[in-house]
Amino acid sequence: MVPDIEAGRLPPVTWVTPEFWLSDHPYVNLCNGENWSTTIINAIMKSPMWKDTAIFLTWDDWGGFY
């Protein structure tokens with residue numbers, strides 16, 4: 001994903017979904033998911049696309065670690 005961001009190859013609407021071990025679901029390390037999200041968002045912020053980008057960061061309904 002990051003190489004596509006850096007090369008400006010994202011389509012106008014892009015869904016970015018992590019692999020399960022990065023998903024913050026129970027029994028996986030929450031730091032992995034946080035770090036993955038931060039990496040993706042930082043790459044967009046550092047790219048030329050940033051000025052025209054909206055980011056919607058959502059989680060599913062589990063909600064067990066609030």
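View 1. M1 sits in the segment before α1, where helices (H or I, at least four residues) and strands (E, at least two) are DSSP runs that are numbered from the N terminus. This is a predicted model, in which local features need pLDDT of at least 70 and side-chain atom pairs count only at pLDDT 80 or more, while totals for chains, interfaces and linings use all residues. Residues are numbered from 1 along each chain as its sequence is written, and side-chain values use heavy atoms, with hydrogens and water left out. At 36% relative accessibility, M1 counts as partly exposed; buried means under 20% relative accessible area, exposed means over 50%, and partly exposed lies in between (1.4 Å probe, protein chains only). When residues up to four places away in sequence are not counted, M1 touches L10, T14, V16 and I40, contact being defined as heavy atoms within 4.5 Å. The C-alpha atoms of M1 and V16, which are 15 residues apart along the chain, are separated by 8.3 Å.

**View 2. The whole chain, for orientation.** Of its 66 residues, 18% count as buried. The accessible surface of the chain comes to about 5,400 Å², and 60% of this belongs to carbon and sulfur atoms; such areas come from the Shrake-Rupley method with a 1.4 Å probe, and for residues only the protein chains shown count as cover. Among contacts between residues at least 6 apart in sequence, 43% join residues at least 24 apart.

**View 3. Helix α2 and its buried side.** Helix α2 (residues 30-45) has 16 residues and reaches 23 Å from its first C-alpha to its last, close to the 22 Å expected at 1.5 Å a residue, where the expected span is 1.5 Å times one less than the number of residues. The buried residues of α2 are G33, S37, I40, A43 and I44. These residues are on the same side of α2 because they cover an arc of only 135° around the axis, the arc being that of the directions from the helix axis to the C-beta atoms. What covers them includes α1 (2-6). At the N-terminal end, α2 is capped by N29, which has a side-chain oxygen 2.8 Å from the backbone nitrogen of C31.

View 4. Leaving aside neighbours within four places in sequence, I5 is in contact with L10, I40, A43, I44, S47 and M49. E6 is found in helix α1 and is exposed, with a relative accessible area of 61%. The C-alpha atoms of E6 and A43 are separated by 7.0 Å, although the two residues are 37 apart along the chain.

View 5. S23 has its place in the loop between α1 and α2, and at 17% relative accessibility S23 counts as buried. The side chain of S23 reaches the backbone oxygen of F20 at 2.6 Å. D60, by contrast, lies in the segment after α2 and is partly exposed, with a relative accessible area of 44%. Along the chain D60 and H25 are 35 residues apart, and their C-alpha atoms are separated by 9.2 Å.

Methods: Polar contact = N/O pair within 3.5 Å; in protein donor to acceptor, adjacent residues only side chain to side chain.
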